[in-house]
There are 6 protein chains.
Amino acid sequence: MNKNIHTFIGCDDEYEESKIVIFGAPFDGTTSYRPGARFAPSHMRNESYGIESYSPYLDLDLEDIKVFDGGDLELSLGNTKKALNTIKNYIDRLLKDGKFPIMIGGEHLVTLGAVSAFINHYPNLHIIHFDAHADLRDTYMGEKLSHATVMRRCWELVGDNRIFQFGIRSGDREELYWGKDHVFINKFNFAGIERLGGRIKDSPIYLTIDLDIIDPSEFPGTGTPEAGGVTFKELLEAIWKLDSLNIVGIDMVELSPIYDPSGISTALACKLLREVILQWGKGK
Amino acid sequence: MNKNIHTFIGCDDEYEESKIVIFGAPFDGTTSYRPGARFAPSHMRNESYGIESYSPYLDLDLEDIKVFDGGDLELSLGNTKKALNTIKNYIDRLLKDGKFPIMIGGEHLVTLGAVSAFINHYPNLHIIHFDAHADLRDTYMGEKLSHATVMRRCWELVGDNRIFQFGIRSGDREELYWGKDHVFINKFNFAGIERLGGRIKDSPIYLTIDLDIIDPSEFPGTGTPEAGGVTFKELLEAIWKLDSLNIVGIDMVELSPIYDPSGISTALACKLLREVILQWGKGK
Amino acid sequence: MNKNIHTFIGCDDEYEESKIVIFGAPFDGTTSYRPGARFAPSHMRNESYGIESYSPYLDLDLEDIKVFDGGDLELSLGNTKKALNTIKNYIDRLLKDGKFPIMIGGEHLVTLGAVSAFINHYPNLHIIHFDAHADLRDTYMGEKLSHATVMRRCWELVGDNRIFQFGIRSGDREELYWGKDHVFINKFNFAGIERLGGRIKDSPIYLTIDLDIIDPSEFPGTGTPEAGGVTFKELLEAIWKLDSLNIVGIDMVELSPIYDPSGISTALACKLLREVILQWGKGK
Amino acid sequence: MNKNIHTFIGCDDEYEESKIVIFGAPFDGTTSYRPGARFAPSHMRNESYGIESYSPYLDLDLEDIKVFDGGDLELSLGNTKKALNTIKNYIDRLLKDGKFPIMIGGEHLVTLGAVSAFINHYPNLHIIHFDAHADLRDTYMGEKLSHATVMRRCWELVGDNRIFQFGIRSGDREELYWGKDHVFINKFNFAGIERLGGRIKDSPIYLTIDLDIIDPSEFPGTGTPEAGGVTFKELLEAIWKLDSLNIVGIDMVELSPIYDPSGISTALACKLLREVILQWGKGK
Amino acid sequence: MNKNIHTFIGCDDEYEESKIVIFGAPFDGTTSYRPGARFAPSHMRNESYGIESYSPYLDLDLEDIKVFDGGDLELSLGNTKKALNTIKNYIDRLLKDGKFPIMIGGEHLVTLGAVSAFINHYPNLHIIHFDAHADLRDTYMGEKLSHATVMRRCWELVGDNRIFQFGIRSGDREELYWGKDHVFINKFNFAGIERLGGRIKDSPIYLTIDLDIIDPSEFPGTGTPEAGGVTFKELLEAIWKLDSLNIVGIDMVELSPIYDPSGISTALACKLLREVILQWGKGK
Amino acid sequence: MNKNIHTFIGCDDEYEESKIVIFGAPFDGTTSYRPGARFAPSHMRNESYGIESYSPYLDLDLEDIKVFDGGDLELSLGNTKKALNTIKNYIDRLLKDGKFPIMIGGEHLVTLGAVSAFINHYPNLHIIHFDAHADLRDTYMGEKLSHATVMRRCWELVGDNRIFQFGIRSGDREELYWGKDHVFINKFNFAGIERLGGRIKDSPIYLTIDLDIIDPSEFPGTGTPEAGGVTFKELLEAIWKLDSLNIVGIDMVELSPIYDPSGISTALACKLLREVILQWGKGK
């Protein structure tokens, strides 16, 4: 008899045959306000069976695409550096094996582990960053490694004018002023996203989606809900506009099931993950 | 002293004097994912006292209209066929008595019980179907009778081109492809609903409203929340556009109070029921 | 060592140096349906540390403005008159000291205590009223003092054509008909708000914001959720349009944390309070 | 067709034929801490269908006893005196009609309305009081009428040595010291309850059960949970020991469904109500 | 890379090498009151990582015992007979393979599927039944197959005096009177359980544990909470007293995670499952 | 006007005049399973106004005792060592000032910060440890600093036979076997606690109370609920038995308000804190 395999819906293929690899990074050790993102990836696996594997938006089905679900990494909550290193090493292997990684957080700091791996494979890496928060502080509560500093750390790896932020509607004054000189910030919405192709069409791009970019009405289950966000439909359309770009890896972070008593945030995240897998897996 | 009568707000008239009859069909026996629709009608009665009987949209008041609330049917949860038969027989009597039935589900399968009764009284019955899900599968988990097959079963009763679906944003590939040949499907929204009058103006029409057509932000309390839905305002406007049609009966299904911790879904459903009663009861 | 001071974020200045004074009025004694507004002000203080003190909308920071947080008044829940009197006396002192009061309810009836104080200082007082409900009944459940009668009582103090209501989408027929002759009512939204300047530009204006004007999807945590409301963005824009008016005091009422299991309502209220403080505190 | 009658399970008899009358007193207007007792009686009706009408403790069935459920009184939340008067008048009529009243609160202050009626019919009235709190303050937050003063007000009606308290484990020092001279207080448990028969065997006795006497582990859904309470089994045994006394009326108060997310408090209260009805209704 | 295996803690051994096999039966299709038992087995797997694999009660560790976790059966919610047949066939195979089955419900009706398999292998089967409810009705709401009739159906398979019930504290009068003649019923607690050895020492025994036997204070998360239950410690001691009996299979049913907001019911169920596995797996 | 001071009920005295100092250590950075202990101390302050300042157990009142509430320390969630150092330094100052510290966690690791300070002032320090878990691992998930290793780290500071554990009912085999040689472990309950006086009567003793020693029925709101715990009454009696010992400091840890939807855990913790303050503050 077979053991109980537990994957995201439609993602039960073997590693070797899969181009897309999804995995969980259940770390929320620096979350300063409302914790729980650690529970996101396993919770999404459970709840993914409430959605269909077929997308009426794209007329594609997860059944048509080979996806391997690697489960959750074992990440030490009290030791931030070690956790980031575990992520880095895992993605490193995926990239060496020619996979397209999709990481499910966890808090946003896990992106640093990912970018640390990608930058080695793609020295010219660019980052598209969807988020309510700029995450550009140099330190937060005295720490260099924090969900609130993650894009600053990423900037240290990729350099000026390589990070493109959309949807930002929260930050402290200093980081936002600093950001004007070092990254592209589009506040509140996705205005101008269709022009990205002209600028970075062929560059390798890492896409990091902090789900709190979505309005709390549609996505209450997150650590720091910020009123005035984008809708799921707007987010979907923004993602479609990235279709011609050279995306090489993706993460989705900051779902906290603890603060999602009705379950709608998890259901949305599952649906978004399906769309993301289908969009970038369709030709692979 | 009088006994404790428990009705939806403003619906405390006698059966004989009422044209409109509302009743509950508390069945969710085939719900495969998140149960609880069984609790919807009684919960709506309780919570209906949080809204007003007067509608500022229509400038009408439930006090002006005679409505009888028949309470909840006793439906066997383990015996699907019997439950559907109980619904059919009840509506059969209402139609014989010349009433306008409004049924409160329960899961969507209860619509099959209703349509089985209506088709006998109106052989030319058409169905307008608001829903996030197509519900057009032939079988689901091996079963013919399921919330996911209910419109396929209804199609077997009414035939090709009699079902008009709006808002559909979820389904498996097979059912959606099948649907193209047998029913009218408008995906995602209410586009084209104003043209229904030209096609089926005088035909008797059953209107079935699966409340999960509404976006989960406004209506989290349902079994299968699907991001990307319509708003309450859009739904209301769509309903206004049906005003000139020959609607002969209505249901509202798939509210699950279990997944509505803030109560906003139930409050919305109560308000929608008020608007529906006022719109179709105003001339009666 | 210092004691544990507990204030809304960025509002820890001394009374003497502050122009803006915020305080809580934790009273919900006449709430007929879903209670809990009593918990709003202290809950907002706790949760305010989840937002930033800086506003990317206004490019202003609470750190730049002197604000005193007076804590919560001690209000007797069983004795409505006494509670209103306590509010009146407190605001009276603030006005004598030249402060700009911002009161956090509590239920909407607390506005009557405030207006009773303001009318003495500003005999020509006008009221701008954002709300889902007209609150214009003469009595409610036999009582003169109620959340459902508060604007009628305020009308008795300020007189005809001094109250401007926006967003109203619920009421009984009688109060809404009465209102047509005595107050300005704009149903459902903020249409026409930009024309207020022409009518009451120099008059002293009290702004009362019943947070249930916001759609329940964005603000579920309130006593009487009414589908079909305005968005946070629309509310913010409406407030910006009041910038040139002579606002002399503000309240925000009807957040009930009990019905806000995900916390998004409280987070929104905190953000709105920040924006309100910044907008009216920026020149002071 | 019959209207939707809504009663506690097994309590659907006519008024005239019933000796026992149960009714709800949905008032919590003076609750200073956690509200919601207003919702208790209607919530108990809904949930009572989760228990059986038969008691394996007493080998009796509600089907054997005639009980009328009068529904909920309409009580003004903002006007404490009027609410108490409504209760008094209702019970007054029940007593004139020879009924045995069982009142479901609401907060504990409703007991004062009841005792005000009983004292007229039974000048020699005694009170047995089960509670975590002494409720013997003269005033609370400046008010004479409060859930925290209710037994002091009752004492003013019945006089010294007529009140017998059990289970008390909370109070302020002053009220507990005062109580030593005026009432019988047994702290923490039911010790000595079997000796009541010798003291007040033939006197008419009103039994008031504040459900927060039960340990919060078994009964979390109450306004002021106090660790260290009695168990359901101990409470049941205590009630059995009152069987030979001349109980003339009963109330059960302080269930707050808002704070009972798992539903166990409501279920316990329903079961206790069944046992109380059966015990005092069996010979009637 | 390995796929994501998801098992109860410490139960990740291969089928062939394991004597103990645990699996989920996620069916609650006849649950008449509060649903959700369908979610129990997968929820227990998730939460089992909050307990230790070592038992300080037995000084044994799951690491020492070979246990295979077969995952959840696919059971049709709308088709009761088919679901029971799926269970029967699965257990049939386990018994043929010489395994010791431990089934995690699901509602109590799943026991009928299990007993239908065991009776073929053990014609002399006895049943020990821990429960708050007798479950001895002949029909419930008109149905033969129901959580409320399951032990009656089992009785039809095993015959008179083969069923031993403990902890029963709820039922209708008829079933309890019937039960006196056909099964052994010990109401309320485990009195006399130590004498079972003398009666049925060598007979093959199926042990079915309806978790609602535990007091709702310790186990709120169940469909029909009944005040006055046994404690976890008492249940553990009762189980120890069965150690010398010839138990051939076990089930644990009626955990409903929906009604377990604090998670303590699931945690208790996990711990109990660990103890049960250790006790009966220790010599195997 | 005074600022808004926020303290535990009855603890609003000045630092200089107070012998007892309470403060919060809102750290849960190594919590591996269910987080939220970070919210405990501020939540307890809020909810403490639901209890009385008077204890009917001790006939003492917080009003009689001088207690300073120092608020919450600012602890870095991502930097465990720094957080522990902050705690150590704060307590160090309290001890130098001759205060009796009572620390409110936070997770159990905060105890290490405290013991690090106490051991300097009391080289002969002993520790009494109430807990469900032994917390004696050398490492946990590869880390030396963890809630699961805290007593091992403390043992490194105080040495063999200085730690006395009560109530332990969970751990891995290795730590419990190790513990037999190095600390005193009384499993499951408080047996033998009255004999502590004979062994360590005059030694300085630090008392650490992990609240999960209490049964989850009474205390669900904790990170790792373990069925089979002690009751509040048993805990209180155990504490009374320590009255003659030379307790020099105390902590209470592991309340997680996130998992306490009914609020009973927080209410219990507040009551226990009151009793602890009164018992050790009465002579000071």
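A: Start with a term: buried area is the accessible area (1.4 Å probe) that two parts lose on being put together, summed over both. Between chain B and chain E that area is about 1500 Å², and carbon and sulfur atoms give 47% of it.

Q: Ground rules first, what am I looking at?
A: This is a predicted model, where local features need pLDDT of at least 70 and side-chain atom pairs count only at pLDDT 80 or more, while totals for chains, interfaces and linings use all residues. Residues are numbered from 1 along each chain as its sequence is written, chains are lettered from A and ligands numbered from 1 in the order in which they are written, and side-chain values use heavy atoms, with hydrogens and water left out.

Q: Back to chain B and chain E, how many residues does the contact take from each?
A: It takes 22 residues from chain B and 22 residues from chain E. Contact means heavy atoms within 4.5 Å.

Q: Which residues in chain B lose the most area to chain E?
A: B:Arg38, B:Gly78 and B:Glu143. Together they make 27% of what that side buries.

Q: How many salt bridges does the rule find there?
A: Two across the interface of chain B and chain E. The rule wants a side-chain nitrogen of Lys or Arg within 4 Å of a carboxyl oxygen of Asp or Glu. E:Glu143 forms a salt bridge with B:Lys82, with the closest N and O atoms 2.8 Å apart.

Q: Now chain F and chain A. What rotation superposes them?
A: A rotation of 180° with 0.0 Å of shift along its axis puts chain F on chain A, RMSD 0.0 Å. The two copies are thus related as by a two-fold rotation axis. 95% of the contact residues of chain F recur in chain A.

Q: And the contact itself, how many residues?
A: 22 residues from chain F and 21 residues from chain A. The buried area is about 1500 Å², with 48% from carbon and sulfur atoms. F:Arg38, F:Gly78 and F:Glu143 supply 27% of the area that chain F buries against chain A.

Q: Salt bridges, how many here?
A: Two across the interface of chain F and chain A. A:Lys82 forms a salt bridge with F:Glu143, the closest N and O atoms being 2.8 Å apart.

Q: How far apart are the nearest C-alpha atoms of chain A and chain D?
A: 12 Å, and the chains do not touch. No contact joins chain C and chain E either; their closest C-alpha atoms also lie 12 Å apart.

Q: Switching topic: which residues in H3(A) meet H4(A)?
A: A:Thr111, A:Leu112, A:Val115, A:Ser116 and A:Ile119. In H4(A) they meet A:Val150, A:Arg153, A:Cys154, A:Leu157 and A:Val158.

Methods
Least-squares fit on C-alpha atoms with pLDDT ≥ 70 in both. Helix = DSSP H or I, 4+ residues; strand = E, 2+ residues; numbered from the N terminus.
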